[in-house]
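User: Please take a close look at one part of this model for me. Which site would you pick, and what sits around it?

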Amino acid sequence: MGQRPGGVGVPRAAAMEQPRAAARLQIVLGHLGRPSAGAVVAHPISGTISSASFHPQQFQYTLDNNVLTLEQRKFYEENGFLVIKNLVPDADIQRFRNEFEKICRKEVKPLGLTVMRDVTISKSEYAPSEKMITKVQDFQEDKELFRYCTLPEILKYVECFTGPNIMAMHTMLINKPPDSGKKTSRHPLHQDLHYFPFRPSDLIVCAWTAMEHINRNNGCLVVLPGTHKGSLKPHDYPKWEGGVNKMFHGIQDYEENKARVHLVMEKGDTVFFHPLLIHGSGQNKTQGFRKAISCHFASADCHYIDVKGTSQENIEKEVVGIAHKFFGAENSVDLKDIWMFRARLVKGERTNL
Ligand SMILES: CC(C)CC(=O)SCCNC(=O)CCNC(=O)[C@H](O)C(C)(C)COP(=O)(O)OP(=O)(O)OC[C@H]1O[C@@H](n2cnc3c(N)ncnc32)[C@H](O)[C@@H]1OP(=O)(O)O
Ligand SMILES: Nc1ncnc2c1ncn2[C@@H]1O[C@H](COP(=O)(O)OP(=O)(O)OP(=O)(O)O)[C@@H](O)[C@H]1O
Ligand SMILES: O=C(O)CCC(=O)C(=O)O
Ligand SMILES: [Fe+2]
Ligand SMILES: [Mg+2]
């Protein structure tokens, strides 16, 4: 682009300057995930920015590469999520399942893992088994499970949202139990960004892979399309009669009449979604344990923010409170330390996070 000769009638100096200015702009905008090379030019006279006619599309939530079709890209921009069918091979899913079962039987004890039981059984004493564990989090030290976050199939898509420097920030294997009748197997509608002290949000994406057929009966993901364009809403515990799981905050005042879309998925299907997308999952009305594996990825070029004085303060208090119980209050840690400690580079260079 820098070599482009000046056109007829364009003063020589401007012809020299314009491509360079446009190229500089391109670097800045490219970094922010804005339009592709050639789409933006600085106006030679007014200095304002306009879109060239070749690529009129303005993209905010996806980056330029050749992985997503234009249609897929437009879908994510508009809706805040994208389902890729049959992305993770059955053999990999079987390996995740085997490892999860080993963890449940306590045959392996990965460092740093959080094991969560459903609130209805949280105070009972049962033998360790798959039936007792609702989810495991932070499996970054478990080689078998963490393979999920390094699968080329997954990273290929993640890069469309984060760019080339990719951090795995938060990992989960969710084993939604049959509902006890108290509806505690539901996950209230929420935005994942509520839990994250890093920005910008557009360079964060969740990959969530169904480990079996998942539909409304066993509690599929439910999304409110387009809500990623809004802001982060205040979250708190829903006032549910049957109780609610620790840290399962929800949005208090979402629009009840907004279209809710139930994502029916097959084993291996993967949904990528924006951290501001409002989503949750319904109760599991079957007798099986509904399984999904997920990771939140972020560009390593994101930066940590201080959540003091924001709506995220309540979750910070809870997370730091649990860390205090674990490490002792005198070894005080803040939210940033906790995230830096468990974050792992999976591609490119570890810059900020
Ligand atoms: C984007 C992404 C981040 C979104 C999300 O992940 S949303 C959900 C976030 N969830 C989490 O981060 C997991 C939170 N869970 C945990 O940290 C753990 O499971 C804990 C709740 C701390 C319990 O772990 P642990 O201490 O090993 O278990 P204990 O059996 O010793 O229980 C300690 C006290 O916690 C209680 N408890 C355990 N599980 C639950 C539960 N599911 N819901 C509510 N309360 C629970 C348990 O009854 C016990 O209470 P007390 O005896 O201290 O009164
Ligand atoms: N009355 C409600 N108030 C607030 N959130 C709700 C309510 N009902 C469901 N949700 C939330 O909406 C999402 C989807 O729920 P959904 O309606 O699919 O499942 P469900 O109510 O468990 O089962 P069902 O399929 O019988 O409706 C979940 O995140 C759930 O927590
Ligand atoms: O039920 C699920 O698998 C989704 C859980 C979820 O959205 C979360 O933990 O942030
Ligand atoms: Fe979530
Ligand atoms: Mg319902």
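Analyst: **The site of ligand 3**

Start with His190: an N or O atom in its side chain is 3.1 Å from an oxygen atom of ligand 3. That is a polar contact (a pair of N or O atoms within 3.5 Å; within protein, one must be able to donate a hydrogen and the other to accept it, and residues adjacent in sequence count only if both atoms are side-chain atoms). The model is predicted, so local features need pLDDT of at least 70 and side-chain atom pairs need 80 or more, while totals for chains, interfaces and linings use all residues; side-chain values use heavy atoms, without hydrogens and water. Residues count from 1 along each chain as its sequence is written, and chains are lettered from A and ligands numbered from 1 in the order written.

A polar atom of its side chain lies 2.6 Å from an oxygen atom of ligand 3. Lys135 brings a side-chain N or O atom to 3.5 Å from an oxygen atom of the ligand.

Who else is there? The residues around ligand 3 are Lys135, Met172, Ile174, His187, His190, Asp192, Trp208, Leu221, His279, Ser281 and Arg290. To be near, a residue needs a heavy atom within 4 Å. By class, this shell holds 4 nonpolar, 4 polar and 3 charged residues. Here Ala, Val, Leu, Ile, Met, Phe, Trp, Tyr, Cys and Pro count as nonpolar, Asp, Glu, Lys and Arg as charged, and the others, Gly among them, as polar.

S6, strand S7 (187-190) and strand S15 (279-281) each give two or more residues to the shell. Helices (H or I, at least four residues) and strands (E, at least two) are DSSP runs, numbered from the N terminus.

His262 has a side-chain N or O atom 2.6 Å from an oxygen atom of ligand 2. Arg216 places a polar side-chain atom 2.7 Å from a ligand oxygen. Gln283 uses a polar backbone atom, at 2.7 Å from an oxygen atom of ligand 2. Taken alone, ligand 2 exposes 590 Å², and the protein buries 74% of that.

Now step just past S7. Gln191 sits in the loop between S7 and strand S8 (198-199). Is Gln191 buried or exposed? It is buried, with a relative accessible area of 0%. Buried means under 20%, exposed over 50%, partly exposed in between (1.4 Å probe, protein chains only). The Gln191 side chain reaches the backbone nitrogen of Lys233 at 2.8 Å. It also reaches the backbone oxygen of Leu276 at 3.0 Å. Beyond four places in sequence, Gln191 touches residues including Ser231, His235, Ile251, Pro275 and Ile278. A contact means heavy atoms within 4.5 Å.

Leaving aside neighbours within four places in sequence, its contacts include Phe96, Ile154, Trp208 and Ile293. Trp208 is also in the shell of ligand 3.

Why is H5 called largely enclosed by the rest of the structure? Because 8 of its 11 residues are buried. Among them are Ile154, Tyr157, Glu159 and Phe161. Just after H5, Gly163 takes a positive phi of about 85°.

Finally, the whole protein. It comes to 7 helices and 18 strands. Of its 353 residues, 50% count as buried.

Technical notes:
Areas by Shrake-Rupley, 256 points an atom, 1.4 Å probe, with all protein chains shown as cover.
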